[in-house]
There are 2 protein chains.
Amino acid sequence: MTATLIKGTEIREQILEEITAEVAEIKEKHGVVPGLVTILIGENPASMSYVTLKIKTAHRVGFKEVQDTQPVDISEEDLLALIDKYNNDDTINGILVQLPIPDHIDEKKVLNAIDPDKDVDGFHPVNVGRLMIGGSELKFPPCTPAGIQEMIVRAGVETNGAEVVVVGRSNIVGKPIANMLLQKGKGANSTVTIVHTGTKNMDEHCKRADILIVAAGVPGLVKPDWIKPGACVIDVGVNRVGEKPSKKDPNKMVAVLQGDVDFDKAKEIAGSITPVPGGVGPMTITMLMRNTLRSLKFKLGIQ
Amino acid sequence: MTATLIKGTEIREQILEEITAEVAEIKEKHGVVPGLVTILIGENPASMSYVTLKIKTAHRVGFKEVQDTQPVDISEEDLLALIDKYNNDDTINGILVQLPIPDHIDEKKVLNAIDPDKDVDGFHPVNVGRLMIGGSELKFPPCTPAGIQEMIVRAGVETNGAEVVVVGRSNIVGKPIANMLLQKGKGANSTVTIVHTGTKNMDEHCKRADILIVAAGVPGLVKPDWIKPGACVIDVGVNRVGEKPSKKDPNKMVAVLQGDVDFDKAKEIAGSITPVPGGVGPMTITMLMRNTLRSLKFKLGIQ
């Protein structure tokens with residue numbers, strides 16, 4: 001048997017089209033569009049290309065998008081004042097500060113200064129708390145876990161009563177996805193186990209999983225015989241394991257990426273599986289767009 | 001084999017003595033003591049007796065304690081102003097609003113008005129978020145889960161690498177204790193599974209547990225054959241299953257309490273177990289005292 005591929009690239013297109021349609025509808029009815037600002041400090045090339053992709057995507061779905069680039073020597077005070085300006089800007093529904101930021105600025109202080117109701121990344125402690133409390137409290141699920149949940153649901157995998165095993169307990173993926181899937185309600189209500197570096201028999205746990213979510217950052221950690229036949233396998237790992245010449249330009253080297261799961265063998269056992277790359281990766285920016293739309297909808301009282 | 005009893009009544013005494021000693025030391029060094037205010041609205045007898053116990057305990061450990069009783073028809077505005085007063089009172093480190101509060105007042109609005117740095121109950125979304133993020137972010141673990149963790153540690157049960165199964169996903173017990181025990185660090189680093197009403201094979205999960213924490217509110221839910229021989233069983237359930245004449249005054253009826261675990265049979269299988277009553281119950285107010293002390297220590301920069 002060969003597993004069905006859960007392609008993030010395809011699901012992204014579906015969701016972005018849905019968002020585009022909803023933005024158009026809101027614009028017609030309410031005369032406003034979601035506004036997203038990305039604050040970039042300095043000229044880190046990786047950050048610049050990531051921010052460019054966010055802004056491009058925001059533009060594509062019809063958002064107002066603002067790219068606010070600041071010099072690398074901006075003071076903490078000025079950065080906080082800038083955030084305050086956007087906190088008070090009615091046309092802005094989502095504020096992002098692209099990480100990393102320079103060492104002379106207190107990262108935690110800056111992120112906590114963002115109005116939690118515009119924190120579309122969902123990492124402010126208030127939004128982490130709202131996520132764990134769940135139900136009507138939930139405002140902005142963090143983007144990668146939200147993308148994982150969406151992929152599982154759209155792949156037609158049943159979460160209700162499913163055995164879910166999450167490998168990894170990071171604040172960005174493991175803990176939030178575990179807390180999301182154990183809640184009551186649609187796309188959740190699963191029995192959830194979190195395993196991590198302190199776990200003694202990780203393989204035994206993985207073997208029980210109807211849905212196995214791996215976010216450990218260890219290439220090939222999950223062996224094929226850890227996978228229950230027919231399980232849904234979500235591989236969040238994106239590990240650079242080497243370099244190879246680019247297809248487009250053979251003179252340029254590009255990273256060779258590998259997931260946390262031994263994909264080639266795992267796909268013969270799993271029922272459905274995400275590839276790396278092209279799996280979970282494309283979902284993150286997509287869900288950032290959805291959170292920004294949610295933010296406007298909360299404000300309009302239509303979420 | 002008969003299990004060791006983990007007696008909350010005894011552990012409470014140890015911890016209250018430790019707190020008393022620490023309060024005396026801080027008073028000598030810094031000239032201040034922790035201050036706790038309990039806001040009680042109306043004259044609900046159960047609330048009154050619970051508040052009295054809190055105030056008595058605060059007095060016993062050397063806190064400044066304030067019992068602020070308000071009429072049942074207090075307006076939401078006046079209650080919010082009262083909370084604001086205590087938020088700005090330097091001698092107060094912990095603010096409690098005794099629940100339930102009258103229907104004409106928005107409970108969520110009131111609880112969220114408490115300064116998160118004085119929210120010693122730990123239920124403000126900011127504190128829930130800090131708990132899930134963990135590490136140095138953690139400020140006030142909610143009292144019942146904190147009591148459970150303390151009991152496990154003081155009973156000498158190893159949490160590091162242990163299989164923990166939590167039965168129940170409430171915001172008061174199940175979710176927070178699960179999130180606490182899966183963190184890195186002392187008294188934690190366990191592999192955690194949460195089972196709940198949506199779980200298909202609850203018994204199978206419970207049988208794996210080195211530490212089984214039951215907070216379902218269903219009398220006798222956990223059967224003896226669900227318990228792994230030698231496991232540590234923490235029974236959080238306090239279910240009123242009937243009435244009986246009081247020992248002190250046979251003319252007065254008192255509640256017959258039963259846990260979520262079939263205690264008489266379970267104690268022959270478990271390695272250690274909490275009784276009901278006298279197990280987890282006495283820990284809640286104890287940990288409230290500890291959180292109030294923590295609040296002062298954070299303020300003094302000595303936590």
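Tutor: Buried means under 20% relative accessible area, and exposed means over 50%. Keep in mind that this is a predicted model.

Student: Is B:Cys232 buried or exposed?
Tutor: The cut-off for buried is under 20% relative accessible area. B:Cys232 has a relative accessible area of 2%, so the residue falls on the covered side and is buried.

Student: How many disulfides are there over all chains?
Tutor: A disulfide needs a pair of cysteine sulfur atoms within 2.5 Å. For B:Cys232, the closest cysteine sulfur is in B:Cys206 at 13 Å, which is too far for a bond. Over all chains, the number of disulfides is zero.

Student: Where does UniProt place the NAD(P)-binding domain feature in chain A?
Tutor: The record is an unreviewed entry, and its feature name is "domain: Tetrahydrofolate dehydrogenase/cyclohydrolase NAD(P)-binding". In the model, the span in question is 29% helix and 21% strand, with its end C-alpha atoms 17 Å apart. UniProt puts the feature at residues 142–297.

Student: What separates the centres of domain 1 and domain 2 of chain A?
Tutor: The domain assignment gives domain 1 as 27–123 and domain 2 as 142–280. Taken over C-alpha atoms, the distance between their centres is 29 Å.

Student: Which side chain makes a polar contact with the side chain of A:Glu150?
Tutor: A:Glu150 sits in helix H6 (residues 143–154) of chain A. With 14% relative accessibility, A:Glu150 counts as buried. Leaving aside neighbours within four places in sequence, A:Glu150 is in contact with A:Ile15, A:Met283, A:Met287 and A:Arg290. The polar contact, at 2.7 Å, is with the side chain of A:Arg154.

Student: How many residues of helix H7 of chain A are buried?
Tutor: Helix H7 of chain A covers residues 174–181 and is mostly covered. Its buried residues include A:Lys175, A:Asn179 and A:Leu181. Of the eight residues in H7(A), the number buried is eight.

Terms used: Residues numbered from 1 in each chain as written. Chains lettered and ligands numbered in written order. Predicted model: local features only at pLDDT ≥ 70, side-chain atom pairs only at ≥ 80, totals over all residues. Heavy atoms only, no water. Buried < 20%, exposed > 50% of the residue type's maximum accessible area, 1.4 Å probe, protein only. UniProt positions renumbered as here; feature names shortened; annotations may be inferred. Helix = DSSP H or I, 4+ residues; strand = E, 2+ residues; numbered from the N terminus. Domains from an automatic or database assignment. Polar contact = N/O pair within 3.5 Å; in protein donor to acceptor, adjacent residues only side chain to side chain. Contact = heavy atoms within 4.5 Å.
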